[in-house]
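User: I would like to go through this model step by step, beginning with the ligand and then turning to the backbone. Could you guide me through it?

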Amino acid sequence: MSRNASDVLIETLIDWGVDTVFGLPGDGINGIMESLRTHQDKIRFVQVRHEESAAFAATAYSKFTGRLGVCLATSGPGGLHLINGLYDAKLDGASVLAITGHHYSDLIDTNQQQDVDLTRVFEDVTVYNTRVMNAAHVANVAPLACRMALARRGVAHICFPADLQTLDADSGPRSASDVKGHTSDVYAAKAGLPAEADLRRAADVLNGGSRVAILAGQGALGAGDVLEQVADALKAPIVKALLGKGVVPDDSPYTTGGIGLLGTKPSEDVLNDCDTLLIVGSSFPYIEFYPKPGKARAVQIDTDGARIGLRYPVEVGLVGDARRSLEVLLPHLRPRVEHGFLDDAQKAMKDWWRLIDERESSQDKPMKPQRIVAEVGRQLRDDAIVVSDSGTITTWFARHVQARRGQQLSLSGNLATMTCGLPYAIGAQVAYPERQVVAIVGDGGFSMLMADFATAVKYELPIKVVVIKNDYLGQIKWEQMVFLGNPEYGVELQPIDFVKVAEACGGSGISIDDPVDCARAVAEAFARPGPVLIEAIVDPLEAPMPATVTREQAAHFAQSILRGQPKGLEIARHALGDKIREMV
Ligand SMILES: Cc1ncc(C[n+]2csc(CCOP(=O)(O)OP(=O)(O)O)c2C)c(N)n1
Ligand SMILES: [Mg+2]
C-alpha cells in the first residue's frame, strides 16, 4: 500500500517519539484520522469532548514528561477551540504541536464554509506556524515543527488542507532543490552551560552577600538536590514561585514555601529583607514581591537569555540549564559560616505552619476548603501528580498541599486560566498510567469542560478529581470586594450536583460536607478503581487571605460592605483578619 501525505506526518510523529495525539475528529482532518487508525499500534488517539481539553492535555503531557505534546483539531471551529490551551503552553513554555485541518486547498480564502485561516489566527501563539502546500512539503515541515516546539519550548502549528491529506506521498510536484530525504528526525538539546567568566562574577556577588535568598521557579524542577546544596552553602532560604512548587519538598529545611498573594509570610519577609538574590529558573510575574530594585544584588540563572533581567535588575546572568549551572556554580561558592538569615526564616516557618495547621484542622461547618484540600494532600502517594486550576482553589492548593519528593505539581501558571485542571489530569495520566493523578479544581472551572470526565471513563484513566464546591466564582467575588471596594456581582453559580455528573459520565463520585468525614471519604475515593470525583461542599465565605493584608485592601473590603456586600458583616466577623475587623 502506498503512503499518503498524512502517513508521512504520522510516521514523522512516531519517529519523534510521540505516542499520543489528543483531539476530536472533523471533516477537515479525516485523512489524518485514517492514518492514525492505520498506525494505532504505534500511536494512540485520545478523543476528548472539547478541543480546548486536547490542547491542555497536550500541554500537561509536555510539562510532566518534558516531551512533545500533540493535539489535533479540525478546520474552523475545531482549531479555534484549541486556542486557550495553546496560549497556556506558550506562556508556561510547554512544547506542543497543534495539527489542524482546512477545507480544500483550491477554495481557501473564497468564503467557503469553515474558511478560517488558522495560520493567521495562530500567528501570535506559535513559534512555528505553517500550512501544508503539497504532499512533498509534509516531509520537510513536520520534523521542523517537532524540533521547533522542543527547541523553543513553545507551540508549533501545522495546518493541513483536507484534499492534500490523502495525496500520494511519492508522486506529485517536487522542486529540484527539494532533495528527497534531506531532513532528519534527530533532536539535540543545548548543553546548557554558562560561561566560566560569568560563573566567577556570579560567585563573587553571592559570596559577598550576608542575607542571601533564592527564588526558584519551574526552570529549577529536577534540580532540587543541587539547589539545596547551594542553599546550604549560602545559608539561603529558598522561596518557591508557584510553578516551582515541586522544586524542593515543602518540608525541606531550606524552603519558606510559596510567594505572592497565595504565598507565605516568611517568603515575603525573606525577599524583603535579603541583600542578595539568586533567581533560578523563574520569571515569577508579581514584581511587587521582589526586593525593591537596587536593594539586593542579584544573579539569575535561566535557559533563555531573553529572560535575564526581566523582573529584577540582576548584575550577572547565567544562561544555562538550572541543574548543570548550579552544579558548576557550587564549587565557586564559599560555604558561609554565619546562618542567622536562614535560622530566622526557619523560625518564622514554624509559626507559619502553626497557623496553617490551625486552619486545616477546623471542624467548623460549613466545612473550610483548607480542611479538605489538606486531607487530600496528606493522603497523596509519593509518586502523585497533582494539578490545580485558577480560583481560590489555587491558594488552597498552594498553601495546603505539602509537596513531597517524587511528586510533580502544576497548573496554568502564567495564563492562569480556569478549567485546565481536568484535562491536565487526563494528559498526566495518559503519560503515566501507573502514577496517582489528582486534580484539585473549583466548581466554576470544572463545569467549563466537565464533559471530559467521560474521556477519563472511556480510556479507563483512574484520575481523582476533587471539586471544591462553593457555588461561586469565588476568586472574583473576593477581588471585586478587596481590589475595588465593590459588592459582589455576577459571581454566584447555579449549583450543580457533581456526583450525578460523574455518574452520568459513567464514573463515580462521593459528596462530603462534614469535616469529620474528610479523611474517610478521601481514602475511599483514592482506593476506588477508575475515575472518581470528590464533591467537597465548602464554606463560600472563606476568603483566600494574602499573608499580609494591606490597609488599602482592608479599606476596600470595608467599603464593599458599606456598599451592600451580602453577608458582609458575617464575612468580616468570621473569616477575615483583625485589620479588616478594625475598619468595619
Ligand atoms: C477561562 C477563564 N475565565 C475567567 C477567568 C477569571 N477567573 C479567575 S478565577 C475565577 C473564578 C474561579 O471559580 P471556581 O473555579 O469556582 O473557583 P473558586 O474561585 O470558587 O475557588 C475566574 C472567573 C480565568 N482566569 N480564566
Ligand atoms: Mg467556586
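User: How do the residues of the shell around ligand 1 divide into nonpolar, polar and charged?

Analyst: This is a predicted model, and the answer should be read with that in mind. In the shell around ligand 1, the residues divide into seven nonpolar, eleven polar and two charged.

User: Which of the 20 residues around ligand 1 come nearest?

Analyst: Helix H14 (392–400), helix H16 (443–448) and helix H18 (474–482) are the elements that give two or more residues to the shell around ligand 1. Out of the 20 residues in that shell, those that come nearest are Gly391, Gly442, Gly444, Gly445 and Gly474.

User: Is Thr419 buried or exposed?

Analyst: Thr419 sits in the loop between strand S14 (408–410) and helix H15 (421–431), and its phi is near 80 degrees, a positive value in a residue other than glycine. A residue is called buried if 20 or more other C-beta atoms lie within 10 Å of its own. Because Thr419 has 27 C-beta neighbours inside 10 Å, it counts as buried.

User: And is Glu460 buried or exposed?

Analyst: Glu460, found in the loop between helix H17 (453–458) and strand S16 (464–469), has a positive phi of about 50 degrees although it is not a glycine. The cut-off for an exposed residue is 12 or fewer such neighbours. Since Glu460 has 11 other C-beta atoms within 10 Å, it is exposed.

User: What kind of peptide bond joins Lys365 and Pro366?

Analyst: Pro366 lies in the loop between helix H12 (340–360) and helix H13 (369–379). With omega at about -5 degrees, the peptide bond that joins Lys365 and Pro366 is cis.

Terms used. Residues numbered from 1 in each chain as written. Chains lettered and ligands numbered in written order. Predicted model: local features only at pLDDT ≥ 70, side-chain atom pairs only at ≥ 80, totals over all residues. Helix = DSSP H or I, 4+ residues; strand = E, 2+ residues; numbered from the N terminus. Near = placed C-beta within 6 Å. Nonpolar A, V, L, I, M, F, W, Y, C, P; charged D, E, K, R; others polar.
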